[in-house]
Amino acid sequence: MQVFLIGLPGSGKTTVGKALAARLQLPFVDLDHAIETGEQHLITHIFKEKGEAYFRELEARYLTRWISSGTDFVMATGGGTPCFHENLNRMNAAGITIFLDVPAREIVTRMSQAPGPERPLLAGLGRDGLKDRIEFLRTQRLPFYRQAQFTVSGENITLAELIKTANLPLPSTK
């Protein structure tokens, strides 16, 4: 089983994805981390040196490689992954796609309180700029995100909600 978590940056794809992978007894894959490891450069460096178009091609290549591997996994995709190069169609055909629909205001709060890794499309923005950018990205990406097979909405999405909404088969505990 291949499970793909999609949504805006800061929506909790990595946090919930790690917990989901552990519960399903599957490997967890962070697509951005896989790209950084494979390319031996941070995403911010790739964006800066080669541009977003190049990064999106890399992203599609790594996604396709994981899908084609035949490996079962839970993957946290990058926020823009579903929006380029037919990636969402590939994910929908290969496995289960789940959109983590977290309100923009909650994402801004999360990013303001505990800044994580620098995200190229959100770098250098103050709180108001971050809010505007998140809302813009949400408007642009929502038509793609809504094509996911399942949507889980809320400010604090739980593992139980995710499993129930997507009707994920849980391994038996012995």
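Author: E59, A60, L63, T64 and I67 of α4 meet N87, R90, M91 and A94 of α5, where contact means heavy atoms within 4.5 Å. The model is predicted, so that local features need pLDDT of at least 70 and side-chain atom pairs count only at pLDDT 80 or more, while totals for chains, interfaces and linings use all residues. Residues are numbered from 1 along each chain as its sequence is written, and side-chain values use heavy atoms, with hydrogens and water left out.

Reader: Is α4 roughly parallel or roughly perpendicular to α5?

Author: The axes of α4 and α5 (residues 87–94) come within 11 Å and cross at roughly 10 degrees; axes are lines fitted to C-alpha atoms, for helices over the stretch in contact, and angles run from 0 to 180 degrees between N-to-C directions. Angles under 35 degrees count as roughly parallel, over 145 as roughly antiparallel, 65 to 115 as roughly perpendicular and the rest as oblique. The crossing therefore makes α4, relative to α5, roughly parallel.

Reader: How do α2 and α4 lie, roughly parallel or roughly perpendicular?

Author: The axes of α2 (residues 31–39) and α4 (residues 52–68) come within 10 Å and cross at roughly 100 degrees. For this reason α2 stands to α4 as roughly perpendicular.

Reader: Which residues of α2 make the contact with α4?

Author: On the α4 side, the contact is made by Y54, F55, L58, E59, Y62, L63 and W66. Facing them from α2 are L31, D32, A34, I35, G38 and E39.

Reader: Which residues of α4 are buried?

Author: Buried means under 20% relative accessible area, exposed over 50%, and partly exposed in between (1.4 Å probe, protein chains only). By that cut-off, the buried residues of α4 are F55, R56, L58, E59, A60, Y62, L63 and I67.

Reader: Why is strand β1 said to be largely enclosed by the rest of the structure?

Author: In β1 (residues 2–6), Q2, F4 and I6 point one way, whereas V3 and L5 point the other way. In a regular strand the side chains alternate between the two faces of the sheet. β1 is largely enclosed because the number of its five residues that are buried is five.

Reader: What is the bridge partner of L5 in β4?

Author: Two strands pair if DSSP finds at least two bridges between them, and β1 and β4 (residues 96–101) pair in the parallel sense over four bridges. β1 also pairs with β3 (residues 73–76) in the parallel sense over four bridges, where the partner of Q2 is F73. In β4, the bridge partner of L5 is I98.

Key. Helix = DSSP H or I, 4+ residues; strand = E, 2+ residues; numbered from the N terminus.
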